Amino acid sequence: MKSKALTKMLLSALTIVFALQLTAKADGFNTLLPQEKTQKYGADSVSCVINISLYREFLKQWKASDYNSPVIKDIIGPWRWVFQNCPLASENTYVDGVRIMQYRIENEKDAVNKGKLIDTLMMVYDQRIQSFPNHFKTGKPQQGAILGRKGVDLSTYDQERYEDAYNILKQSIELDGDDSDGTVLIYYFRSVIKMARKAKVDSSMIVDTYDQVIDILDHNITRMTKAGDTKWVENYKNFKGNIDATFEPFASCPDLVRIYGNKMAKNPEDTELLKKITNLLDRRGCQDDALYLKASVQLHKLEPSPESAYNIGRLLLKEEKYNEALPYFEEATKSEDSDKAHVAYKMFAETLRAVRNYPKARQMALKALEIKPNDGSPYLTIGDMYAASAKDCGNNEFTSRVAYWAAVDKYNQAKRVDESQTEAANKRIATYSVYFPSLETIFFHGFEEGKSYTVECWFREETIVRASK
């Protein structure tokens with residue numbers, strides 16, 4: 001049976017050879033100059049085509065058996081001949097060669113032989129780069145992608161050669177940048193950790209590399225999200241989760257602060273470093289450390305923007321440094337992004353309220369409402385200021401309570417325009433309604449429930465007379 005199959009394959013191969021000689025369609029063979037024929041198919045083009053046909057036919061049988069057939073032994077001879085004698089004939093020689101070598105490595109028990117097979121696998125990758133440096137469809141360089149696969153395989157099959165794998169993977173990412181494969185990023189990060197543990201690189205490189213690979217993954221998550229490719233968004237998120245889990249033992253805030261605090265002290269004008277510090281500390285939940293604020297302020301000095309101003313203002317507000325936060329929030333309101341400007345106005349109003357600059361705080365809350373009239377939270381802020389200043393708005397039992405009417409009006413307005421504020425508004429209404437003037441006090445001062453009333457204070461509001469319940 002085997003001899004019949006072999007005869008059939010040889011006849012098929014010879015047919016291919018004759019076809020190559022009779023038509024220019026098959027790889028453009030007849031259109032090549034003699035030296036180009038020799039270059040593509042080697043010195044013996046007939047043997048080249050025959051051996052390609054042989055190993056490909058055996059490979060087809062091997063794949064059909066789910067890579068369990070002993071026919072793998074018949075593949076190796078003709079494949080090796082093609083690899084050695086006509087390396088430019090087809091890129092499939094290298095794609096197939098990787099699969100063949102991987103199988104042999106995984107099934108080899110002898111350590112010495114296994115090492116030789118790994119070397120052969122590395123050689124397959126190297127010769128593919130040399131023979132086919134550009135992608136056959138796009139024409140773009142593919143050295144980075146091939147090096148990535150080479151580095152992953154070396155990491156997988158020979159963990160003792162971690163330094164070689166590190167150098168290969170590093171070169172791959174340098175070449176491919178944002179186009180780097182997620183698996184390559186994972187193995188590169190692992191190789192850096194191993195290099196650090198073996199004292200081959202400084203331990204700070206673990207943090208730097210984490211920042212580098214996460215930036216690449218975030219770039220691709222954003223890109224794929226915009227493209228609507230949910231499958232690849234999920235894939236990149238999984239890659240990111242893998243790297244995050246690997247980084248966890250090295251991600252303590254004190255360690256990050258120690259490493260990057262020293263770097264910042266040496267290079268305080270390095271904007272890229274400052275961006276790296278703020279991004280990394282933000283990712284790892286280390287915003288409470290003083291370094292985060294320090295780096296943010298320094299970056300803002302070098303590259304001011306409404307966005308960085310907002311970030312600093314938020315940090316200062318969290319530390320209750322209200323007066324320091326005010327100029328940053330004011331700058332943040334100048335953002336060209338309406339959503340960001342809206343939030344900045346709200347935070348500016350809240351900070352002004354904290355320092356009891358109620359008139360300006362009210363102005364800023366109204367600015368926020370101009371941008372988003374259906375956001376109820378600025379009305380809550382205004383109402384809170386009315387309620388806080390009620391006692392200062394009058395000089396007797398009646399006038400020192402009328403501002404609570406105006407405050408409750410704002411709370412009602414908040415939930416009217418924004419259902420999400422209903423619970424917060426109702427709590428305030430319940431709290432401050434009890435401070436309304438009593439019915440007796442209203443009558444004593446010559447007023448009547450349900451009638452209109454103008455509150456005159458640092459603000460002026462038309463409201464309705466109501467008695468406490």
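Is the link of Cys253 and Cys286 left-handed or right-handed? With -85 degrees about the S-S bond, this link is left-handed. The model is a predicted one.

## Cys253 and Cys286

The sulfur atoms of Cys253 and Cys286 sit 2.1 Å apart. The pair links distant parts of the chain, 33 residues apart. Cys253 is in helix H12, and Cys286 is in the loop between helix H13 (271-283) and helix H14 (290-302).

Cys253 is partly exposed, at 26% relative accessible area. Cys286 is buried, at 2%.

## The other disulfides

The structure has three disulfides. Their pattern is 1-2, 3-4, 5-6, counting bonded cysteines along the chain.

Cys48 and Cys86 are bonded, with 2.2 Å between their sulfur atoms. The torsion about their S-S bond is about 95 degrees, so this disulfide is right-handed. Cys48 lies in helix H3 (residues 45-64) and Cys86 in the loop between helix H4 (72-85) and helix H5 (92-107), so the bond ties together parts 38 residues apart in sequence. Both cysteines are buried.

Cys393 and Cys457 form a disulfide with a 1.9 Å sulfur separation. This link is left-handed, at -75 degrees. Cys393 is buried, at 12% relative accessible area, while Cys457 is partly exposed, at 29%.

## Helix H11

Helix H11 (residues 230-247) has 18 residues and reaches 25 Å from first C-alpha to last, close to the expected 26 Å. Its buried residues are Val233, Tyr236, Phe239, Ile243 and Phe247. They fall within an arc of 125 degrees seen down the axis of H11, so they line one face.

These buried residues pack against helices H9 (182-197), H10 (204-227) and H12 (253-266). On the other side of H11, Thr230, Lys231 and Ala245 are exposed.

Definitions and conventions:
Residues are numbered from 1 along each chain as its sequence is written. This is a predicted model: local features need pLDDT of at least 70, side-chain atom pairs count only at pLDDT 80 or more; totals for chains, interfaces and linings use all residues. Side-chain values use heavy atoms; hydrogens and water are left out. Helices (H or I, at least four residues) and strands (E, at least two) are DSSP runs, numbered from the N terminus. The expected span of a helix is 1.5 Å times one less than its number of residues. Buried means under 20% relative accessible area, exposed over 50%, partly exposed in between (1.4 Å probe, protein chains only). The arc is that of the directions from the helix axis to the C-beta atoms. Contact means heavy atoms within 4.5 Å. A disulfide is a pair of cysteine sulfur atoms within 2.5 Å.
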